[in-house]
Amino acid sequence: MSTPDTDQDQILIVEDEPKIARLVADYLQGSGFTSHHLAHGDAVLPWLEARSTRPELVLLDLMLPGTDGLTLCREIRQRWPAVAIIMLTARVEEVDRLLGLELGADDYICKPFSPREVVARTRAVLRRSRAATSPATGGSDLVLDEEGWRALADGHDLGLTAVEFQLLKVMMHSPGRIFTREQLMDHMYRDHRIVSERTVDSHIKKLRRKIAETWPEREVIRSVYGVGYKYQPEE
Ligand code: CA
C-alpha cells in the first residue's frame, strides 16, 4: 500500500553553488529526506531519465551552468508531471512566471533563504501532492499501490493495465490540475509521435469504466473540453 513514508522521500537538489547545496542537503537529511545533488543544468534530464524511480521533488535553481532552470522546469513538467518542483531564485521578478501556467512550478523560494524554510516548503509541497494519493476525507477511498502497480477503490483492485495505472497515477498526484493529452501521452510511451491523441482517450475511457464498476455513481476523472483531463475527487 502507498502509506506515506517520509523517511524515503527522495529530493533532487539542482544548484551550482556548492555551499548552498551542501547546506540544503544537510538540513534535508537531518529532516529525514534522502537527497541527491546535481550542479550542472545539462546533467538533470539524463539523470532523471536514467532512474527507475523519480524523486518526489526537485529543488531547482534558476540560474545554472548549461540548461537553465526555466527550461528544466518546463521539461520536467511535461515529461514527469508527478514530480513536484520548487524553484530557487534570486530574481523576484520571475516569480509570476514560475508559478504561472506556462511553467507550473509548485512553489518558489527567494534567495537568500534559510535551509529551515526550504525544509518547511518541501514538506508543504509534498503534503499537497500526497493528499491526492491518500484516502481522502468524505468517504473517497481510491488508493494507489505504487509498488504493486495497482489501484484500489474501497479496497477492490481495479485491475488496471500498466498504461491505465500510469495515467491515473499522474493525474492523482496533482488533483484538479488539467493535463493535456500530449502530457499524458508522455507518460505512456517514450516515442509518442507514433500514437494519436485518440489513444489517450481510449485508455481514459477504459480507466473510467473500471472505476465505474466499483463506483457507478461517481466520476473522478473529468474531461475538460478542448484541453484534456483532470482527476477531481468529489468535494
Ligand atoms: Ca545558481
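**Stop 1: the calcium site**

Select Met 63 to begin: Met 63 is exposed, with a relative accessible area of 51%. Exposed here means over 50% relative accessible area, buried means under 20%, and partly exposed is in between (1.4 Å probe, protein chains only). This is a predicted model, in which local features need pLDDT of at least 70 and side-chain atom pairs count only at pLDDT 80 or more, while totals for chains, interfaces and linings use all residues. Residues are numbered from 1 along each chain as its sequence is written, and side-chain values use heavy atoms, with hydrogens and water left out.

Now show the calcium ion. Which residues coordinate the calcium ion? They are Asp 16 (OD), Asp 61 (OD) and Met 63 (O), at 2.1 to 2.3 Å. Donors are N, O and S atoms within 2.8 Å of the metal (3.2 Å for Na, K and Ca); water is not among the atoms, so sites may look incomplete. Along the chain, the donors of the calcium ion are spaced D-x44-D-x1-M. Asp 16 sits in the loop between strand S1 (10–14) and helix H1 (18–30), and Met 63 in the loop between S3 and helix H3 (69–79), so the pair ties together parts that are 47 residues apart in sequence. Helices (H or I, at least four residues) and strands (E, at least two) are DSSP runs, numbered from the N terminus. Asp 16 is partly exposed, at 30% relative accessibility.

**Stop 2: Glu 56**

Select Glu 56, in the loop between helix H2 (44–50) and strand S3 (57–61). Is Glu 56 buried or partly exposed? Glu 56 is partly exposed, with a relative accessible area of 30%. Leaving out residues up to four places away in sequence, Glu 56 touches Asp 9, Gln 10, Ala 82, Val 83, Ala 84 and Leu 126. Contact means heavy atoms within 4.5 Å.

**Stop 3: strand S4**

Move to strand S4 (residues 84–89), where 6 of 6 residues are buried. Both faces are covered: Ala 84, Ile 86 and Leu 88 lie on one side, and Ile 85, Met 87 and Thr 89 on the other. S3 runs parallel to S4, joined by 5 bridges. Two strands pair if DSSP finds at least two bridges between them. Find Leu 57 opposite Ala 84 in S4. Next, show strand S5 (residues 107–110), which pairs with S4 in the parallel sense over 4 bridges. Here Leu 88 stands opposite Ile 109 in S5.

**Stop 4: the S9-S11-S10 sheet**

Select the open sheet of 3 strands, in the order S9-S11-S10, with antiparallel pairing. Strand S9 (179–180) and strand S10 (221–224) stand at the edges, each with a single partner strand, so one side of each has no neighbour in the sheet. S10 and strand S11 (residues 228–231) pair in the antiparallel sense over 4 bridges. Pick Ile 221 and look across to Tyr 231, its bridge partner in S11.

**Last stop: the whole chain**

Zoom out. The chain has 8 helices and 11 strands. Of its 235 residues, 45% count as buried. Among contacts between residues at least 6 apart in sequence, 59% join residues at least 24 apart.
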